[in-house]
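Here's a quick briefing on a two-chain model, for anyone who likes the geometry spelled out. Have the structure open while you read.

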Amino acid sequence: MLDFDILFPSVLNGITTGAVYALIALGLTLIYGVLHIINFAHGAALMVALYGVFFLKEKLGIDPYWALPIMVPAMFVLGYALQRVVINRASHGKDENILLVTLGISIVLENLALILFHSDTRTIETAYTLQTVAIGPAMIALPKLVAFAGALVTSGLLLLVVQKTDLGRAIRAVSKEKQGARLMGIDVDHVYAMCYGLGLVCLGAAACFLLPAYYVNPQVGSGFVLVAFTIVVLGGMGSFSGALLGGLLIGVVESVGGLLLGESLGQIGIFVIFIAVLLLRPQGIFGARA
Amino acid sequence: MHSTRRHFMGQSAAAASALAFPLVGGAQPATIKIGVLHPVTGALAYSGQQCRLGALMALEDINKAGGIKSLGGAKLEALLGDAQSNPQAGTAEIEKMNEAGVSAVVGAFASAICLATTQAAAKYNLPHVVDVGVADQIVERGLKNTFRFGPGYKKCAEVAVANLHVLNTAAGKPARTVMIVHEESLFGTGTANLLSRELPGYGYDVKEVIKHANPTRDFNNIALRIKQVNPDILIPANYYNEYALLVRTLQQQKVTPKAIFSVLGGAASSYKFVKEFPDAANGIIDCNHWFNPKDKRSAELRKRVEAQGQFFSYEVFMSYTAMKLLADAIDRAKSTDRAAIIEALGKSTFSDHIMPYGPTQFVNGQNMGAQPLMTQVSKGDIKVIIPRDYREAEPVFPMKA
């Protein structure tokens, strides 16, 4: 029905998009894994990061990829401060409160963006926006390849942090047993904030990789956050490798779905998978915990 | 009781108007407020801003030339509105403009927005000149306040298909299959539907119709689909950003149909697109709003727009002439009264314009002389190819690589 020449580029396209999805989902799953909350502000934070990259390029002429060393620490600080100053204080340690606080943050951020930047959809032009690289019969846009590689590297680094560093050990300890970790002398509030910061670091990096081939407007995050939730559920809540593989899978499903069913219906496959996973394997395809 | 009260009301109304009229006649307002409503933010921001530019240039010209002469040189004053690229915001702006006491509205570029704003304005009998809004539903609902100077998409689709057939026949009929890519709102969907209906009558096979959202930032899948279906002719009907990206993605993916034949293509006959992407634009044919290239004033207007660092896009001259049409009607109405302006618009014979329409004649709010022209991008410029009366260059069909 479909030529290899058509299907192959579409799958590659999906994988490259999926890697960025995975990176965004990784942030979400990290925050969930430790804080046991669903960060509703994830989409809004991505939007903030995208505006950051946009204005760095427009006002200061900084290329989106060179913006990485600025955006990543900036998003970390924003995340750390949000958790420490707003979420932690406003939630009084109750999970359901945290949920509402993050939802509130997302509403505030999106409407602030609407006031400050209006509802304009903005894009940036770079020399490489439309450059392509031939891979077999496929012509893949250069920014997408960079995004793919960048997302994988960022995910790898994050995994290293969680696996090999003291911070990572503390994060894992807190996620498993908060009281026990506290008794061992771990500053739980600090770990929470570090974790939220790291979650937003993923978004800072994702924004730098996304913008050369994407756009930003105040509502841009909502599209990603739905997909990211699906990936987190698909991969198993809190599972790193699950988020990574789930992201790639969802990217391919979306791309091939778009090819077969038309652009407007392309995302339908994602949500069919979402419902199917919830029905048949609620712990997620790669999730161990029930 | 009833009849007495009605009698009383009638008498008071008559008395009131008798009292009011001399006042209106004696002291003309120094300025006449006109609503200038466009989507200057959101997905359609570029087009909306171009429209606003055109409308404001017309206002400036009218005021410089002495304002509305029949009203003692009253000046026109713009009340700017932003439809934020969605119909609801457009409607809200009409409410505000009505409150602010505008005499008429010019706007609102996109079909879906015009559909809402004309209806909202109709509640207040507020004259609404539609500058672009090609969907024919806009003028087919019997709204007395609505006037469209330019052609609708039915007219454009008919002209485009008939001319495509002429070009194809002259070239020995190399093209038989067609694919349509359109944006998903009223304008794109309506145009695509009309084309799918018209084309088979001329013996063309419409292989596939693909719609996409606004904004779309990735046309790779659509480009792959086009590659797969491999149509002879690709017809895009979408707004500027998506049109430009689609054509650039095709170039990137090395997809080359025999012709890109646009109907109201958002970027096809745009000096901006031609300047920024000369290779991607080369050879593209478009059936779109276009000025009379033989009229010297169009070249002058283009120069003035370019002197401001802006492109002379169709939005500019469409809104420019729409404002001129309105000013002409206010002058003829000799009044800022909304009903009088509507009546004058209905009887308008406005002919002092740069469009290839001849004297204006409205039937149910549609200017009957309005027509699109066919243009083709060639050597970094846009030339009229059809009809012969306005021809600047011979058409090249099928497109050369």
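**Helix pairs in chain B**

In chain B, helix H3 (residues 87-99) and helix H4 (residues 111-122) have axes that come within 8 Å and cross at roughly 30 degrees. Axes here are lines fitted to C-alpha atoms, for helices over the stretch in contact, with angles from 0 to 180 degrees between N-to-C directions. Helices (DSSP H or I, at least four residues) and strands (E, at least two) are numbered from the N terminus. Before going further: this is a predicted model, so local features need pLDDT of at least 70, side-chain atom pairs count only at pLDDT 80 or more, and totals for chains, interfaces and linings use all residues. Residues are numbered from 1 along each chain as its sequence is written, while chains are lettered from A and ligands numbered from 1 in the order in which they are written.

*H3(B) with H4(B)*
- The crossing of H3(B) and H4(B) is right-handed, meaning the near helix is turned clockwise from the far one by less than a right angle.
- On the H3(B) side, the contact residues are B:Pro87, B:Gly90, B:Thr91, B:Ile94 and B:Glu95; H4(B) brings B:Ala112, B:Ile113, B:Leu115, B:Ala116, B:Thr117, B:Ala120 and B:Ala121. Contact means C-beta atoms, placed from the backbone, within 7 Å.
- By class, the contact of H3(B) with H4(B) has eight nonpolar, three polar and one charged residues. Nonpolar covers Ala, Val, Leu, Ile, Met, Phe, Trp, Tyr, Cys and Pro, charged covers Asp, Glu, Lys and Arg, and the others, Gly among them, are polar.

*H12(B) with H13(B)*
- Helix H12 (residues 314-333) and helix H13 (residues 338-346) of chain B also have axes that come within 8 Å, crossing at roughly 115 degrees.
- That makes H12(B) roughly perpendicular to H13(B).
- H12(B) passes H13(B) in a right-handed crossing.
- B:Ala329, B:Ile330, B:Arg332 and B:Ala333 of H12(B) meet B:Ala340, B:Ile341, B:Glu343, B:Ala344 and B:Leu345 of H13(B).
- Sorted by class, the contact of H12(B) with H13(B) has seven nonpolar, no polar and two charged residues.

**Chain B overall**
- Chain B has 13 helices and 14 strands.
- Buried residues make up 56% of chain B, where buried means 20 or more other C-beta atoms within 10 Å, exposed 12 or fewer, and partly exposed in between, with C-beta atoms placed from the backbone.

**B:Arg391**
- B:Arg391 sits in the segment after strand E14 (381-386) of chain B.
- B:Arg391 is partly exposed, with 16 other C-beta atoms within 10 Å.
- Leaving out residues up to four places away in sequence, B:Arg391 touches B:Val384, B:Ile385 and B:Ile386.

**Chain A and the interface**
- Chain A has eleven helices and two strands, and 50% of its 290 residues count as buried.
- The contact between the chains takes 22 residues from chain A and 24 residues from chain B.
- H1(A) gives the most to the side of chain A that touches chain B, with four residues.

Technical notes:
Contact = placed C-beta atoms within 7 Å. Parallel < 35°, antiparallel > 145°, perpendicular 65-115°, else oblique.
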